[in-house]
Amino acid sequence: MTTSLQLPRWIDAGVLPILNLAMAFLISGLVVLAIGESPLEVVEILIYGAFGYDEAIGYTLYYTTNFIFTGLAFAVAFHCGLFNIGAEGQAYFGGLGVILAALYLDFLPFPIMLIVAIMASAAFGAAWAYIPAYLQARRGSHIVITTIMFNFIASSLIVYVLVNILRPTGSMTPESETIAEHLRLPFIHDIAASFGIDMASSPLNLSFVYAIICCVLVWLFIWHTRWGYAIRTVGANAHAATYAGIDPGRYVIMAMLISGALAAFMALNEVMGVQHRLLIDFTAGYGFVGIAVGLMGRNHPVGIFLAALLFGMLYQGGAELSFEIPTISNDMVVVIQGLVILFTGAMEHMFRPRVTQIYIAWRSRKMAQEAA
Amino acid sequence: METFNLVILILDATLRTSTPLVLAALAGMFSERSGTINLALEGMMLGGAFAAASVAYYLGNPWFGLLAAIAATILLSLLHGFACITHKGNQVVSGMAINILMSGLTALVGIALFAQGGKTPALDRGSRFQPITFPGAEAMADVPVIGPIYSELLSGHNILVYIAFVAVPFSWWVMYRTRFGLRLRAVGENPGAVDTAGISVVLMRYRAVICSGILVGMSGAYLSIAQGASFLQDMTAGKGYIALAAMVFGKWRPFPTMFACLLFGFLDAVATRLQGVNLPGIGEVPVQAIQALPYILTVILLAGFIGKAVAPKSLGRPYVKER
């Protein structure tokens, strides 16, 4: 069959995702038209809102940071053949780790606190991913269902902790105390100012740099270590992995622990970098968008960075959009997200047969020309 | 007598909170028994609720609202089917996509149509499903024990509550006593065998997701035009996922699924009543603990500690015909 033909990489990782993305944007444009606004104007405002001025770029990259972490989290689990829908809960738990470290170990100097916070968030996120991972690896419970359940359990648990333990006495709002000033992640505009560079203030902070470091680390881990190799083998074919002497369960757990830790790093940006305290639902759906980011980025760090940038742009531009055109609310961005997941994830094979046909026709014509 | 009345009140609330769960969980069951994972229940419910409230508002009749909800959820089911069955896409991803899409789309269209911040206008009595009072319910009310059961617990619900609980035995009958049901279950267990028998796997799976759409549409309509009086942004608040949990808890079977829904509905009803109450011997039970209980129970079940939940064998696997 023609559909089983191996397409060259530039089509598989370039043309097809772009076609799918174009389809998602086309439908989004139709939604805008149906509401009675001009799609071109919307695109213009989106791009201006995301990159048009200094402050906007800072905001765009701040959102991008969250998406890089959750996108990487999804990708690592996916390489092992797992669907980690639980990034939301794992990030929420990571936030608990960060806030506990920052509030109760506030005597530490900043450089040590930075390491402690990274470790605390990773440990909490990984711990929350461990139970579904263990149940999947050793008892065969379907990880999709258990991670969904764990999102809800995390949400209840953290509301309880916030209301009954972390809430300062006398306060009515269920949020924790604020992190001491010297323990917060420095904003990029402050760092730039100390070098004498003038930048507009934005929530962009040091965690963006850490996100890029994580991209490199994940790339090294997945493609250049034997654990990464084992994880990919299990993901490709668990039975074959068993015959090769790899215990799939072990790598299922390893992949999920790393995935949970990566998701939890989102809390560094939100809790330690921007909000400076633990808020209810601070994860705000970033974990779910990570699915889209991972799928769109073909689960490769470079792709994930680009996809995260796209979603960061949509988030920041979308805020501008609801400001400029009152009939289009921020929900437009959620619609675009949904469509992107639908077309790049669920219907990724839609164009494949047709593109393969065109490619074969093109190739045979070229070969005929060369022969002539 | 005091306690008895309290029990009746809680059970009454249980029926009301578990109705949307029963409908949605049965919907999930039809889809999943045929081999298509349906994580999209949440988004479909939301879409159904929005369609029902909008159409009921414009036409002033709840039945049109219900039809609109069912039409909307059938369309969404077909979209899910198009991605999962026709294009063999990933079923989990498709479900999540529909959930996110509907969360945004209902709010966006709601603001564009009604300009009330994502809400639909409040419906008047005529545009909603009203409670149905059984014959003689008022006369019976003063009879001890049977009176309250008949007039409070059984009578006085809207039509969708009764439909939901009739849908349970009906689904059982369809699933286990009809040729359609046999084929549907077979397609979820061993599609190759069904294909060999000359029945189209694709068509069977499409029929199953359409059944799923009809049921989940009713569940959405219940939220916005029977229990509530308008559509609110993200009003499902995770009910689709609880229904999914109930379906797993009920081991993909109609009656156990119904009991799981009743249990989860009961926990919900009790949670609101127990807020700040000191229980003798236990002390104050945190509301969050009761809210998390359905999810915890489902995880424990999935881990195989209380019975074993065995999913349909071909669940999540697109059928690829050999050539």
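This is a predicted model: local features need pLDDT of at least 70, side-chain atom pairs count only at pLDDT 80 or more; totals for chains, interfaces and linings use all residues.
Biologist: Leaving aside neighbours within four places in sequence, which residues is A:Ala126 in contact with?

Modeller: On naming, residues are numbered from 1 along each chain as its sequence is written, while chains are lettered from A and ligands numbered from 1 in the order in which they are written. Two residues are in contact if their C-beta atoms, placed from the backbone, lie within 7 Å. With those sequence neighbours set aside, the contacts of A:Ala126 are A:Leu257, A:Gly260 and A:Ala261.

Biologist: Does A:Ala126 count as buried, exposed or partly exposed?

Modeller: A:Ala126 sits in helix α5 (residues 110-139) of chain A; helices (H or I, at least four residues) and strands (E, at least two) are DSSP runs, numbered from the N terminus. A residue is buried if 20 or more other C-beta atoms, placed from the backbone, lie within 10 Å of its own, exposed if 12 or fewer, and partly exposed in between. A:Ala126 has 24 C-beta neighbours inside 10 Å, so it counts as buried.

Biologist: What separates the C-alpha atoms of A:Ala126 and A:Gln90?

Modeller: In chain A, 76% of contacts between residues at least 6 apart in sequence join residues at least 24 apart. A:Ala126 and A:Gln90 are 36 residues apart along the chain, and their C-alpha atoms are separated by 7.2 Å.

Biologist: What is the radius of gyration of chain A?

Modeller: Chain A has 16 helices and zero strands. The radius is taken over C-alpha atoms, and the globule rule is 2.2 Å times the number of residues to the power 0.38. That rule gives 21 Å for 372 residues, and chain A comes close to it, so it is as compact as a globular protein of that length, at 22 Å.

Biologist: Which helix gives the most to the side of domain 1 of chain A that touches domain 2 of chain A?

Modeller: The domain assignment, with bounds from an automatic or database source, gives domain 1 (8-37 + 329-359) and domain 2 (60-326) of chain A. In chain A, 13 residues of domain 1 are in contact with 13 residues of domain 2. On the domain 1 side, α1 (9-35) and α15 (331-346) of chain A each supply at least two residues. With eight residues, the one that gives the most is α15(A).

Biologist: Now the chain contact: which element gives the most to the side of chain B that touches chain A?

Modeller: The contact takes 36 residues from chain B and 38 residues from chain A. Elements giving two or more residues on the chain B side are α4 (91-114), α11 (239-249) and α13 (287-302) of chain B. With 14 residues, the top contributor on that side is α4(B).

Biologist: How many of the eleven residues of α11(B) are buried?

Modeller: Cover for the buried residues of α11(B) includes α6 (143-166) of chain A together with α1 (2-33), α2 (41-59), α12 (254-274) and α13 of chain B. α11(B) is largely enclosed by the rest of the structure, because the number of its eleven residues that are buried is eleven.

Biologist: What phi does A:His276 take?

Modeller: A:His276 lies in the loop between α12 (266-275) and α13 (286-296) of chain A. With 20 other C-beta atoms within 10 Å, A:His276 is buried. A:His276 is a residue other than glycine with a positive phi, near 65°.

Biologist: And what is the phi of A:Arg298?

Modeller: A:Arg298 lies in the loop between α13 and α14 (301-324) of chain A. A:Arg298 has 18 C-beta neighbours inside 10 Å, so it counts as partly exposed. Its phi is also positive in a residue other than glycine, near 50°.
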